[in-house]
Amino acid sequence: TGLQPPGDDPMAFLAGVAVSKLGTAISFVGIWLLGREALGQHRGLYVLFWWGMFVLGEVGQAIGPDYSWQEAIAGIVSETLSLPLSGLIVTRLPPA
């Protein structure tokens, strides 16, 4: 697709993505663990809200400068693949 990592240093970009994803993972699991009793019957809706948040984030970045629609679509595809799997894993965690 011809996409290149933003900025001059691809490793700095990947390090930033790793930190961002770590924060997202902690939030995704933490919110689930804190609200699992209330959310238990709505697993799909929980994942859908997270997916919607990511999609809106990608669209917002694409509207702004220095981010293309190709990059936004790649991000949306990535989250579309990873969030259902994340939801399946987190809902299978044993009670704390």
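I looked up Glu79 and found that Glu79 touches Lys21, Trp51, Phe54 and Pro84, leaving out residues up to four places away in sequence; contact here means heavy atoms within 4.5 Å. The model is predicted, so I kept to its rules: local features need pLDDT of at least 70, side-chain atom pairs count only at pLDDT 80 or more, and totals for chains, interfaces and linings use all residues. Residues are numbered from 1 along each chain as its sequence is written, and side-chain values use heavy atoms, with hydrogens and water left out.

Glu79, continued. I placed Glu79 in helix H3; helices are DSSP runs of H or I with at least four residues, strands are runs of E with at least two, and both are numbered from the N terminus. Is Glu79 buried or exposed? Glu79 counts as buried because its relative accessibility is 8% (buried is under 20% relative accessible area, exposed over 50%, partly exposed in between, with a 1.4 Å probe and protein chains only).

H1 against H3. I checked the axes of helix H1 (residues 10-39) and H3, which come within 10 Å and cross at roughly 40 degrees. That angle makes H1 oblique to H3. Axes are lines fitted to C-alpha atoms, for helices over the stretch in contact, and angles run from 0 to 180 degrees between N-to-C directions. Under 35 degrees counts as roughly parallel, over 145 as roughly antiparallel, 65 to 115 as roughly perpendicular, and the rest as oblique. I noted the crossing of H1 and H3 as right-handed, that is, the near helix is turned clockwise from the far one by less than a right angle.

I then listed the residues that meet: Lys21, Phe28, Val29 and Trp32 in H1, and Glu79, Leu83, Ser86, Gly87, Val90 and Thr91 in H3. The residues of this contact divide into 5 nonpolar, 3 polar and 2 charged (Ala, Val, Leu, Ile, Met, Phe, Trp, Tyr, Cys and Pro are nonpolar, Asp, Glu, Lys and Arg charged, and the others, Gly among them, polar).

Asp66. I found Asp66 in the loop between helix H2 (43-63) and helix H3 (69-91). Phi of Asp66 is near 65 degrees, a positive value in a residue other than glycine. Most residues other than glycine have a negative phi. Asp66 is exposed, at 76% relative accessible area.

Whole chain. I counted 3 helices and 0 strands in the protein chain, in the order α-α-α along the sequence. The C-alpha trace spans about 45 × 25 × 20 Å along its principal axes. Of the 96 residues, 21% count as buried.
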